[in-house]
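Subject: Structure handover

Hello,

Here is the structure I said I would pass on. My notes on what was found in it follow below.

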Amino acid sequence: MSDQQPPRHEDFQELLGAYALDAVDADERAWLEDHLRECPRCRDEVAQHREVAALLAYSGAPAPADLWDRVSAALGPGEPSPNLAALYPLRSRGRRTWPLLVAAAAIVVVVGALGWQVHREDGQIGRLRAGLGGSGVAAAARAAAADPHSAFYVLTSSDGHIAVPGVLEPGGAGFLLRATALPGLAGGRTYQLWAIIGQQRISLGLLGAAPDVVAFHVASPDVSALAVTAEQAGGAVQPTASPVVAGTVHPPA
Amino acid sequence: MGSLRDSSDGALAVAIGRWREDALAEAFRRHAGAVYGLAQRVLGDRAAAEEVVQEVFLRLWNAPDRYDPERGSMRAFLLAQAHGRAVDQLRSDSSRRRREQRDAARSAAAGYDLEHEVMDLTVAEHLKEAVSALPEDERRAIELAYFGGHTYREVAVLLDQPEGTVKSRIRSGLMRLRAGLADTGLGSGVSE
């Protein structure tokens, strides 16, 4: 595995067990994944190790009873979960703790007009896919959703009735996949997206009154949560209200 | 949709690709317990484990073509994703405290080993045989890597063994387990 000699097949093979259990370093993982792309035999071995690991993981115990409700709520209209609020402590913080900060470098692209050609029966769910088939932002969101290294998250209202799923890529590109779950705003008001980084609330940009697929960028790997507030036209330098939806995120390495 | 209950993993993935929520619900029914169990074991935190489950099934919903039925069972696929995410969280700075808490909780609980982790009766019997046939060094290396979320280098430090040895033992242990499980009829195409 030294730099002087090209790695032999055995060098890769030796690592396959550890790799299958996510027990290799990041650089080894990248090195091995290059090899795996070209080596069906090693891919097969990893798949076999993962089948064995899946048996070891089997506990026979069920998932928490209300967890499906929460997953379902994040897919589209469905049963709200009364327990969602407990997951997201953001709401309980007073608005005075929101510091005065504007993110000059934040970029937000809002796609409001996507997903119109949607079959009735697919409803809101189909809207995502219809939207994702189209523009560059939507295609990027789709790619992010398919990237195994990206992280999914769900922003929810404190009562659990509104759930907005999203995805965050390594490097900081992020998307709200279905901001259509947010109720439309009237009177020139706009939604505004915030990143919570340490004790700071940093504006990621304005989303408009009826956002659909939203692209944004968070430069800091230390972002711990995202939140959406409803603000007066033109937005705010700091949030003026509690979040409409909020949720914790775990940025991928 | 009663027929979904009998669907293969592949058929289920196709139905999920057509945005059938009942198909995702069936996948959840079959596998969410295992996904949650693994995430909870690695992270030692209920809320964090629930987030991993949400994430894994949201990803399946949004990108079902990531799962290739030719390459293995849906359960192994979902568990690999959950394990990867859980380990990412463990290795991030913000989770260090969580990990310390988890390790503290663990050392307080007796009998942490593979055999005790496995509960389902029929599966457990076969697994127990296969696990008990493992050399102790291989078993511990796999435990620390898989359930402890440690890299093989960390395992080497923890066990005070050479890195290369640990790396080999993880692989040989997994192969031995597979062979042992095949003997008992559990080895191939398992975990529907």
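In this model, 52 residues of chain A are in contact with 59 residues of chain B, where contact means that the C-beta atoms of two residues, placed from the backbone, lie within 7 Å. On the side of chain A that touches chain B, at least two residues each come from α1 (9-20), α3 (40-57), α4 (67-75), α6 (123-132), α7 (136-146) and β2 (151-156). The largest share, eleven residues, is supplied by α3(A). By type, this side of chain A divides into 36 nonpolar, eight polar and eight charged residues. Here Ala, Val, Leu, Ile, Met, Phe, Trp, Tyr, Cys and Pro count as nonpolar, Asp, Glu, Lys and Arg as charged, and the others, Gly among them, as polar. Helices (H or I, at least four residues) and strands (E, at least two) are DSSP runs, numbered from the N terminus.

The model is predicted: local features need pLDDT of at least 70, side-chain atom pairs count only at pLDDT 80 or more, and totals for chains, interfaces and linings use all residues. Residues are numbered from 1 along each chain as its sequence is written, while chains are lettered from A and ligands numbered from 1 in the order in which they are written.

One residue to look at is Pro64(A), which is found in the loop between α3 and α4 of chain A. Leaving aside residues up to four places away in sequence, Pro64(A) touches Tyr36(B) and Glu50(B). Pro64(A) has 17 other C-beta atoms within 10 Å and is therefore partly exposed. The cut-offs are 20 or more other C-beta atoms within 10 Å of a residue's own for buried, 12 or fewer for exposed, and in between for partly exposed, with C-beta atoms placed from the backbone.

Chain A has seven helices and nine strands. Of its 253 residues, 46% are buried. Among contacts in chain A between residues at least 6 apart in sequence, 62% join residues at least 24 apart.

Strand β3 (residues 163-168) of chain A pairs with strand β4 (residues 173-176) of chain A in the antiparallel sense, over three bridges; two strands pair if DSSP finds at least two bridges between them. Leu168(A) stands opposite Gly174(A) in β4(A). The hairpin of β3(A) and β4(A) has four residues between the strands, and in this hairpin Gly171(A) takes a positive phi near 100°. β4(A) also pairs with strand β7 (residues 213-217) of chain A, in the antiparallel sense over four bridges. There, the bridge partner of Leu176(A) is Val214(A) in β7(A).

Chain B has ten helices and zero strands. Buried residues make up 53% of its 192 residues. Among contacts in chain B between residues at least 6 apart in sequence, 60% join residues at least 24 apart.

Within chain B, helix α3 (residues 46-62) and helix α4 (residues 74-91) pack at an angle of about 135°, with their axes 10 Å apart. Axes are lines fitted to C-alpha atoms, for helices over the stretch in contact, and angles run from 0 to 180 degrees between N-to-C directions. That angle makes α3(B) oblique to α4(B), since angles under 35 degrees count as roughly parallel, over 145 as roughly antiparallel, 65 to 115 as roughly perpendicular and the rest as oblique. Residues of α3(B), including Val52(B) and Leu60(B), meet residues of α4(B), among them Leu78(B) and Ala86(B). The residues of this contact divide into seven nonpolar, two polar and three charged.

Regards
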